[in-house]
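Please look over the sequence and the predicted model below before reading the notes that follow it.

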Amino acid sequence: MSDETPTSSQNKNKPKDDNETSSATETEEDTTMEAIRKFFAQKLNLVTALDEDDGGNKKIIDNLTFEGLCDHWKSKGFKNIITMVGAGISTSAGIPDFRSPGSGLYDNLQKYNLPHPSAIFEMDYFESNPQPFFALAKELYPGSFNPTPSHYFVRLLHDKGLLLRHYTQNIDTLERIAGIPADKLVEAHGTFFTNHCLGCRKLYSMEWMKEQIFSDSVPSCEDCNSVVKPDIVFFGENLPETFYSLPARDFNKCDLLIIMGTSLEVQPFASLIDRAGPKCVRLLINRTKVGNDFGGIGSWFMLGPGLMFDNPKNTRDIAYIGDCDDGCLALAEALGWKDDLAGLIKSEHERLDKENAKTRDERKKQATNKESDDESSTKEKDKA
């Protein structure tokens with residue numbers, strides 16, 4: 001009997017153990033999943049940072065803290081900033097966000113007797129019972145609230161020539177009221193700014209819609225009598241075309257992405273964070289850390305790994321944990337813009353106060369004239 005060790009050819013023919021078989025299967029699955037992810041990413045134009053050259057693990061800025069970001073901004077600057085926001089930038093204006101326990105919009109919709117909270121933003125329910133939506137719209141309607149310091153910080157970025165684009169989930173139009181130009185906005189979930197008839201698609205202005213809503217009427221088309229709906233995106237509706245056409249261009253240029261006041265739970269908006277290239281710094285200003293737990297099908301289908309604050313491989317993600325206004329004020333102070341921001345807020349609020357006072361006077365005058373007309377009509381009837 002030979003004592004020789006089996007030759008390499010004999011080793012090749014040796015049956016694989018369970019660990020070897022499992023490893024080979026996992027490798028094949030990983031390759032297949034990556035191929036599928038890339039296929040859908042290309043077909044749906046969802047190229048993310050995963051598809052870019054990651055440039056190794058070198059940090060984009062030396063110190064991945066809020067202070068480090070401010071120091072880098074002051075010394076080297078950013079030129080193409082994208083802001084990406086949710087309801088959290090509007091809460092200090094008095095507008096409730098959607099998901100905060102107790103104070104969020106979804107927790108305060110019981111008075112509308114909905115089958116479930118999200119029904120108020122579902123087309124099927126709206127078409128059968130539009131009244132609850134318009135009652136809510138009256139509470140939240142643009143013009144009832146002033147923009148917050150967060151909105152004016154974004155406006156200041158524009159005034160300084162640094163704002164590439166502002167992506168918002170909000171429908172309150174406070175960005176427009178703050179003076180951010182329409183061509184800088186991607187209102188991903190739509191806006192009250194324009195309105196269309198659900199029947200003939202006739203366009204109606206914001207002023208026309210506002211008059212209907214504040215008279216407690218369900219807005220009806222003057223041509224076909226169908227309901228007129230603000231152009232906000234209900235569940236199941238397509239997002240605006242700009243949401244799909246602009247990110248591919250914008251995020252390739254972006255060198256700083258500021259994410260504020262969003263849970264990053266709603267897709268496809270949340271996926272935008274991974275459209276930023278690997279050399280783009282990403283700053284989250286939020287009450288809690290979010291966007292750092294992406295996984296499952298999202299991690300290969302349309303998303304990257306998310307924000308990586310506490311990951312040892314983090315090269316560019318920074319979190320400021322606190323209110324959005326506080327974060328923006330802290331940025332302005334650190335950058336030497338404190339007086340600029342304060343002056344902008346003061347002048348804009350004075351302008352809005354004058355405009356709102358004029359609107360109130362006009363409404364009061366209209367109401368008085370209506371009462372007078374009603375009294376005259378009643379007297380005429382009595383005489384008859």
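## Basis

This is a predicted model, in which local features need pLDDT of at least 70 and side-chain atom pairs count only at pLDDT 80 or more, while totals for chains, interfaces and linings use all residues. Residues are numbered from 1 along each chain as its sequence is written, and side-chain values use heavy atoms, with hydrogens and water left out.

## Strand 1

Strand 1 spans residues 81-85, and five of the five are buried, so the strand is largely enclosed by the rest of the structure. Buried means under 20% relative accessible area (1.4 Å probe, protein chains only). I81, T83 and V85 cover one side and I82 and M84 the other. In a regular strand the side chains alternate between the two faces of the sheet.

Strand 1 pairs in the parallel sense with strand 2 (residues 163-168) over five bridges, and I81 stands opposite L163 there. Strand 7 (residues 256-260) also pairs with strand 1 in the parallel sense over five bridges; M84 stands opposite I259. Two strands pair if DSSP finds at least two bridges between them.

## E348

E348 is buried, with a relative accessible area of 10%.

How values were computed. Buried means under 20% relative accessible area, exposed over 50%, partly exposed in between (1.4 Å probe, protein chains only). Helices (H or I, at least four residues) and strands (E, at least two) are DSSP runs, numbered from the N terminus.
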